[in-house]
Amino acid sequence: VQPHDTDAVLRILPGYPVRSWELASATPDIELPPGIATVEEVEWVNKPVYDALYMQGEQSNALYYRKRAGTAGDKPAPMAVHALLVHADAAAQRAIAELSDTGRQVAQKLTLPVLPQTGIIRPGQLLRYTDDADVVRTGVVRGVGVQAGAARIEQTLEVQAHE
């Protein structure tokens with residue numbers, strides 16, 4: 001949930017704007033030039049690799065199944081049961097979120113100036129950047145903090161990327 005800057009409007013954003021296995025080829029919202037960001041923290045996370053998901057609504061007899069295209073669907077995630085699983089479209093979105101949050105991931109904190117070309121980079125945006133190991137990554141911004149000093153405004157981004 002993201003508030004609008006000036007209007008009384010809330011935006012509901014997907015957990016993954018694109019499937020995690022499509023991040024590397026996705027067109028980023030923002031591409032940072034190499035060397036502009038400093039990597040402050042790196043945390044590697046290894047999660048089970050799933051390629052299928054069964055889902056059911058709490059008050060519904062409808063059972064939904066989704067699998068990652070191009071896979072056998074033989075590594076199902078634990079079943080998801082939720083009150084909002086009342087339509088196939090909701091199940092499709094839930095499957096994207098569940099199946100995207102698998103496998104080897106890296107959470108990085110990047111510090112960079114607030115640039116005129118980017119402004120404050122918001123959670124939910126796709127960001128392409130070069131990390132401290134000179135690896136070009138595309139990830140989802142999960143959080144942002146802004147610090148203002150006497151001569152400079154900086155932002156610290158929490159970015160989730162996948163291998």
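The largest pocket in this predicted model has a volume of about 280 Å³. Its lining is made up of 17 residues, and those lying nearest the centre are S20, W21, R104, H162 and E163. Of the elements, β10 gives the most, with three residues.

The largest nonpolar core has 14 residues, and the members that touch the most others are L32, L110, I121, L127, Y129, L157 and V159. The elements giving two or more residues to this core are β8 (104–113), β9 (126–130) and β11. Another core lies apart from it; this one has nine residues, including M55, L85, A91 and L99.

Which residues is Y129 in contact with, once its neighbours within four places in sequence are left aside? They are L32, Q108, L110, V135, V136, R137, G139, V159 and A161.

Finally, the chain as a whole. Its secondary structure comes to one helix and eleven strands. From the N terminus, the order of elements is β-β-β-β-β-β-β-α-β-β-β-β. Of the contacts with a separation of 6 or more, 65% are between residues 24 or more positions apart. Among the 163 residues, 34% count as buried. The accessible surface comes to about 9600 Å², with 52% of it belonging to carbon and sulfur atoms. Taken along the principal axes, the C-alpha atoms fill a box of roughly 60 × 40 × 25 Å.

Notes: Residues are numbered from 1 along each chain as its sequence is written. This is a predicted model: local features need pLDDT of at least 70, side-chain atom pairs count only at pLDDT 80 or more; totals for chains, interfaces and linings use all residues. Side-chain values use heavy atoms; hydrogens and water are left out. On a 1 Å grid over the protein atoms alone, a cavity is a set of points where a 1.4 Å probe fits but cannot get out, and a pocket is an open set with protein on both sides within 12 Å along at least five of seven lines; lining residues have an atom within 4 Å of a point. Grid points are joined across faces, edges and corners, and a volume is the space filled by probe spheres set on the points. Helices (H or I, at least four residues) and strands (E, at least two) are DSSP runs, numbered from the N terminus. A nonpolar core is a set of buried Ala, Val, Leu, Ile, Met, Phe, Trp, Tyr and Cys residues joined through side-chain atoms within 4.5 Å. Buried means under 20% relative accessible area, exposed over 50%, partly exposed in between (1.4 Å probe, protein chains only). Contact means heavy atoms within 4.5 Å. Accessible areas come from the Shrake-Rupley method with a 1.4 Å probe; for residues, only the protein chains shown count as cover.
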